[in-house]
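Dear colleague,

Please find below the structure I am handing over to you. A summary of the findings follows it.

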Amino acid sequence: MHLSEQKDLIVRFINEVWNNGNTANLDTFLHPAFKDYSLPASLPADANGLKQWVSMVHESFQPLSVIEEHLAEPGHCMVRISMHMKHTGLWRGIPATGQTAITSGFRSFAIKDGRIIEHRALVDGNTLERQLKASADITGCQPKTTVNGQLPG
């Protein structure tokens with residue numbers, strides 16, 4: 001597989017699976033021995049776990065991953081991404097704000113036989129969560145807290 005074909009595979013994977021939430025054709029992207037080392041520990045590190053994670057993300061966000069930089073060598077691709085996450089549903093206790101939070105990260109892919117066999121990611125989730133909490137405070141989406149049983153103000 002040429003480097004340009006590897007890069008095209010990753011671009012199509014990010015657009016179809018992550019941006020559009022379409023996991024119906026994962027087998028066209030993923031090698032049968034696929035392992036995902038970036039999923040939450042509660043999910044299996046395979047295609048089924050990835051499918052569950054994509055679904056969970058899309059229940060809370062309209063995500064858009066933008067590839068800012070894309071490097072390739074035979075059998076490997078790495079992308080630096082920005083993630084524009086429109087908050088449309090409950091995420092880690094934060095009700096939907098309708099706002100878009102932006103964070104960044106890296107995704108690393110190993111490729112074998114023309115498909116992704118390994119995935120690793122490092123995404124700045126702390127920045128995402130801080131922005132969501134700040135938006136929730138501004139939009140009033142978080143439940144009000146009481147002080148000695150009374151609502152403030």
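Val57 is part of helix H3, where helices (H or I, at least four residues) and strands (E, at least two) are DSSP runs numbered from the N terminus. The model is predicted: local features need pLDDT of at least 70, side-chain atom pairs count only at pLDDT 80 or more, and totals for chains, interfaces and linings use all residues. Residues are numbered from 1 along each chain as its sequence is written, and side-chain values use heavy atoms, with hydrogens and water left out.

Val57 counts as buried because its relative accessibility is 5% (buried means under 20% relative accessible area, exposed over 50%, partly exposed in between; 1.4 Å probe, protein chains only). Leaving aside residues up to four places away in sequence, Val57 touches Trp18, Pro63, Met85 and Trp91 (contact means heavy atoms within 4.5 Å). Its C-alpha atom is separated by 9.3 Å from that of Gly89, 32 residues apart along the chain.

Helix H3 (residues 47-60) lies across S1, S2 and S3 and runs at about 130° to S2; axes are lines fitted to C-alpha atoms, for helices over the stretch in contact, and angles run from 0 to 180 degrees between N-to-C directions.

The open sheet consists of five strands in the order S1-S5-S4-S3-S2, with mixed pairing (two strands pair if DSSP finds at least two bridges between them). Strands S1 (30-36) and S2 (61-73) stand at the edges with a single partner strand each, so one side of each is left without a neighbour in the sheet. S2 pairs with strand S3 (residues 76-87) in the antiparallel sense over twelve bridges.

Yours sincerely
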